[in-house]
Amino acid sequence: MIKDNIARCATYFPIHPYFPQAFEYIRSISQANFLVQRTELLGAEMYAMQQQYLTKPRQQGVWEAHRKYIDIQYILEGEELINFAWINDLKLGEYLEHSDHQKADGEGSPLFLKAGEFAVFFPQDVHMPGLAVNKSVEVKKIVCKLAVK
């Protein structure tokens, strides 16, 4: 898992061949051109989802992990907590191949993200996004999904 500010995203370009293009896309989105939508960047190899929602209490959160994709989650507006845990530290449930979603149960650690910050979640990183920090707030978020290489 990586957490940083978008201003330092180039530091991570060598990690994955699609990181430069993914961060270029993220940096191209502003308040003025934000639309809730899914954008194919490289077909099934890389796509982005622009999301807008209200953060929720921890009790409503759902753990998720992915085998086929790496997530880059960037907060454009608002703030949220994302619970985080290593995959070996949780009790794993069913893996849904069609949606690349690994169910899990257990406790994790809170990761705070505010506008301008991103987190990268690899297949070993289980995460529970969209949680309220103190109270429910509106979040605008960009999630890039990059095929594992």
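Biologist: What should I know before reading the values?

Modeller: The model is predicted, so local features need pLDDT of at least 70 and side-chain atom pairs count only at pLDDT 80 or more, while totals for chains, interfaces and linings use all residues. Residues are numbered from 1 along each chain as its sequence is written, and side-chain values use heavy atoms, with hydrogens and water left out.

Biologist: In which strand does Asp 4 lie?

Modeller: Strands (E, at least two residues) are DSSP runs, numbered from the N terminus. Asp 4 lies in strand β1, residues 2-5.

Biologist: Is Asp 4 buried or exposed?

Modeller: Buried means under 20% relative accessible area, exposed over 50%, and partly exposed in between, with a 1.4 Å probe and protein chains only. Asp 4 counts as buried because its relative accessibility is 10%.

Biologist: Which residues does Asp 4 touch?

Modeller: Contact means heavy atoms within 4.5 Å. Leaving aside residues up to four places away in sequence, Asp 4 touches Tyr 12, Gly 116, Glu 117 and Phe 118. The side chains of Asp 4 and Tyr 12 are also joined by a polar contact of 2.6 Å. A polar contact is a pair of N or O atoms within 3.5 Å; within protein, one must be able to donate a hydrogen and the other to accept it, and residues adjacent in sequence count only if both atoms are side-chain atoms.

Biologist: Where is Ala 48?

Modeller: Ala 48 is in strand β3, residues 46-54. Ala 48 counts as buried because its relative accessibility is 0%. Not counting residues up to four places away in sequence, Ala 48 touches several residues, among them Tyr 25, Leu 41 and Cys 144. Ala 48 and Asp 71 are 23 residues apart in sequence, and their C-alpha atoms are 9.5 Å apart in space.

Biologist: How many disulfides does a search of the whole structure find?

Modeller: A disulfide is a pair of cysteine sulfur atoms within 2.5 Å. The search of the whole structure finds 0 disulfides. Cys 9 is in none, and its nearest cysteine sulfur, that of Cys 144, is 11 Å away.

Biologist: Are Cys 9 and Cys 144 buried or exposed?

Modeller: Cys 9 counts as buried because its relative accessibility is 1%. Cys 144 counts as buried too, because the value there is 0%.

Methods
Helices (H or I, at least four residues) and strands (E, at least two) are DSSP runs, numbered from the N terminus.
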